[in-house]
Structure formats: structure tokens, C-alpha cells
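User: I would like to learn how to read a protein model. Could you take me through it feature by feature?

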Amino acid sequence: MDRKELEAKVLELVAISYDRDAAELSTATSFKEDLQGASIQMVALVAEIENELDAFIQLQDAAGCTTVGDLVDLVEEEL
């Protein structure tokens, strides 16, 4: 999976977990400012990443990501 495919998949999973339209998200989307999600949504997102991409990431590492792009970087390191 190349970087663009990974970005698209992570954006899709973020959209599902945060109940947003994937078209309104980008790698610059901020979890705190733009998505304003609860921690349970991040738990669901991490679980989806593990299931869909077979990449194990720590919840605390994922929660430390500022933007979706940061999360893509984290997932890319684990693949």
C-alpha cells in the first residue's frame, strides 16, 4: 500500500469513527479542533485501524496525534 492509498484508508476510517463525511476531511484535519471527538471515538478508530490495516498502534500514541496526517505517519511506521 502506498502513501496515498494509506491516507485515503485512514481518512475513511476517521470519517466512520467520527461520523463525518470523508470529503470534508484531509490530512491537515485536527482531531481536537476540527473533530472535537470523545476518547471513545479514538478507541473505535484504533480498533478499526487494527482490523482493516493489520497495524497495531498504541491508543496513547494515536491519542497523541494532532492531525490525521500525524496518525497516517504513525500507521505507516507500523506497516
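Analyst: We start with helices, which here are DSSP runs of at least four residues, numbered from the N terminus. The model is a predicted one. In it, helix α3 spans residues 39–53, and I40 lies in this helix.

User: Is I40 buried or exposed?

Analyst: A residue counts as exposed when its relative accessible area is over 50%. I40 has a value of 58%, so I40 is exposed. Together with V43 and L59, I40 makes a nonpolar surface patch of about 260 Å².

User: Where do nonpolar side chains tend to be in soluble globular proteins?

Analyst: They tend to be buried together. The largest nonpolar core of this model has 24 residues, and V14, F31, L45, I49 and L71 touch the most other members. Helices α1 (3–17), α2 (31–35), α3 and α5 (68–78) each supply at least two residues of the core. The largest share, 6 residues, comes from α1.

User: Which residues is L45 in contact with, leaving aside its neighbours within four places in sequence?

Analyst: L45 is in contact with L13, V14, S17, Y18, F31 and L71. One of these, S17, is found in helix α1. The relative accessibility of S17 is 13%, so S17 counts as buried. With the neighbours within four places in sequence again left aside, S17 is in contact with Q41, A44, L45 and E48.

User: What can side chains of opposite charge do when their charged atoms come close?

Analyst: They can pair. The structure holds 7 salt bridges. In one of them the side chains of E7 and R3 meet, at 2.9 Å from N to O. E7 and R3 are 4 residues apart in helix α1, so about one helical turn separates them. E7 counts as buried at 14% relative accessibility, whereas R3 is partly exposed at 27%.

User: What does K9 form with E52?

Analyst: K9 and E52 form a salt bridge, with their closest N and O atoms 3.3 Å apart. K9 lies in helix α1 and E52 in helix α3, so this pair ties together parts that are 43 residues apart in sequence. K9 is buried, with a relative accessible area of 18%, while E52 is partly exposed at 45%.

Key. Residues are numbered from 1 along each chain as its sequence is written. This is a predicted model: local features need pLDDT of at least 70, side-chain atom pairs count only at pLDDT 80 or more; totals for chains, interfaces and linings use all residues. Side-chain values use heavy atoms; hydrogens and water are left out. Patches are made of residues with over 30% relative accessible area and no salt bridge: like charges are joined within 9 Å, nonpolar side chains (Val, Leu, Ile, Met, Phe, Trp, Tyr) within 5 Å. Accessible areas come from the Shrake-Rupley method with a 1.4 Å probe; for residues, only the protein chains shown count as cover. A salt bridge is a side-chain nitrogen of Lys or Arg within 4 Å of a carboxyl oxygen of Asp or Glu. Buried means under 20% relative accessible area, exposed over 50%, partly exposed in between (1.4 Å probe, protein chains only). A nonpolar core is a set of buried Ala, Val, Leu, Ile, Met, Phe, Trp, Tyr and Cys residues joined through side-chain atoms within 4.5 Å. Contact means heavy atoms within 4.5 Å.
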